Amino acid sequence: MMIINEKLTVNGRTVNNRIVFQPMEGCDGTADGNIGELTERRYMRFAESGAGIIWFEATAVCKEGRANPRQLYLTEENMDTYKKLLQNMRSAALEKFGYAPLIILQMTHSGRYSKPKGIPEPIVAYRNEAFEKGKEDLPYHMITDEECDALPEQFAHTAQLAWQAGFDGVDIKCCHGYLFDEFLSAYNRTGTYGGSFENRTRLYFNCIDAVKKALSDKMIITTRLSAYDGFPYPFGFGTSPHKEIDLTETERILSGLQKRQIELVNITIGNPYLIPHINRPFINGPEDGETGVQRAVNITGELQKKFPQLKLILSALSFKGADAVDFAEKCLEKGQCSLAGFGRMTFAYPDFYCDFLKNGELDNSKLCIKCGNCSKMMRAGGVAGCPVRDKEVYLPLYKKYIGV
């Protein structure tokens, strides 16, 4: 039996295989943060994928932290809609496979990428000239220590709502340049949350601790963590002053997570807004996509071998196309990860794992072609989906937002 098809236990919960559908934002919720028609359609398709884990997309913990006016935002008022969707997802999966996926909610504050009204309203940990080049005049608000002090309660509140809605776990998001990830490189910030390693990780760990206290052992508590931002010191995390990848502090974070009984960690790298080829290798990028995949494998593999008790998820696998599942299996066999994460592939080809189980291979006519059009739609202020493989729904929207 292939490892990728084997079960795994995370915090006492059974994951039925090693396939993870990564948190991919559809930007298709409602103005009040509820689930939209396209949101429901997407997750019902995911429910029939056979994946062991479906990682629900970034969901804001506060209005000002939303990345766009259609980003999901779980509240007391809309919780029942989320609850119904989760019930329908599990029913569909049980009917088709005899098991339901674990469903994890990613909780986020978008920080400098906050656009709750559709226009940039950046909330930053510090001013970063590398990130702000050409955008120096935006109305940046440097979040105060007092505002940071309030965030653990907000994350804990959203986590409690997630439990009531029926999620199996929650993710305290710390990646891709969003608020918590940016704090990791706040080397020159003064006060409680900047400067030393302890200060730069304080807000992140305080929010994790608050969520753990609020939930006890009711849910899986996890995190998606940028191990390496891809920017030279001092503008990014995980890089030495000599501009080399340096995982020293990443390992210190993983040690802190392990002490908190966090078993599952979703490893990623880069910043999709500024250097998308790092975390999302694509064709015709600034480097060969295979180089990007191997970077992700090397980083995750090094961390997995140093922390064998943790279950680490490998990202950037969609680029491998028809060989993606077989490649993921080899990484599992080598001990370079514990689970295999797929992002863009889920938009283009949500039933890829079903086809693999049935036929032993993927269908070339359904594969993600790594064109980046799903992201282009989102960056243009639209929804995200695949206009190539899901063209009846998304090609008209692509033409609308891109103007072609």
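Guide: Two residues are in contact when heavy atoms of theirs lie within 4.5 Å of each other. The model is a predicted one, in which local features need pLDDT of at least 70 and side-chain atom pairs count only at pLDDT 80 or more, while totals for chains, interfaces and linings use all residues. Residues are numbered from 1 along each chain as its sequence is written, and side-chain values use heavy atoms, with hydrogens and water left out.

Visitor: Which residues does I278 touch, not counting residues up to four places away in sequence?

Guide: I278 touches Y228, I269, G270, G292 and R295. This residue, I278, is found in helix α8, residues 276-279, where helices (H or I, at least four residues) and strands (E, at least two) are DSSP runs numbered from the N terminus.

Visitor: Is I278 buried or exposed?

Guide: Buried means under 20% relative accessible area, exposed means over 50%, and partly exposed lies in between, with a 1.4 Å probe and protein chains only. I278 has a relative accessible area of 6%, so it is buried.

Visitor: How should I read the packing of helix α3 and helix α6?

Guide: Two packed helices are described by the angle between their axes and the distance between the axes. Axes are lines fitted to C-alpha atoms, for helices over the stretch in contact, and angles run from 0 to 180 degrees between N-to-C directions. Here α3 (residues 145-165) and α6 (residues 202-215) pack at about 40°, with their axes 8 Å apart. That angle makes α3 oblique to α6, since angles under 35 degrees count as roughly parallel, over 145 as roughly antiparallel, 65 to 115 as roughly perpendicular and the rest as oblique.

Visitor: Which residues make the contact of α3 with α6?

Guide: Among them are F155 and W163 of α3, and L203 and V211 of α6. The residues of this contact divide into 13 nonpolar, two polar and no charged, where Ala, Val, Leu, Ile, Met, Phe, Trp, Tyr, Cys and Pro count as nonpolar, Asp, Glu, Lys and Arg as charged, and the others, Gly among them, as polar.

Visitor: Why is helix α10 described as largely enclosed by the rest of the structure?

Guide: Seven of the 10 residues of α10 (residues 324-333) are buried, so the helix is largely enclosed. The buried residues of α10 include F327, E329 and L332, and the buried residues pack against α9 (289-306), β12 (311-314), β13 (339-342), α11 (344-348) and α12 (352-359). After α10 comes G335, whose phi is positive, near 75°.

Visitor: How many helices and strands does the protein have?

Guide: The protein has 14 helices and 13 strands, and 60% of its 404 residues count as buried.
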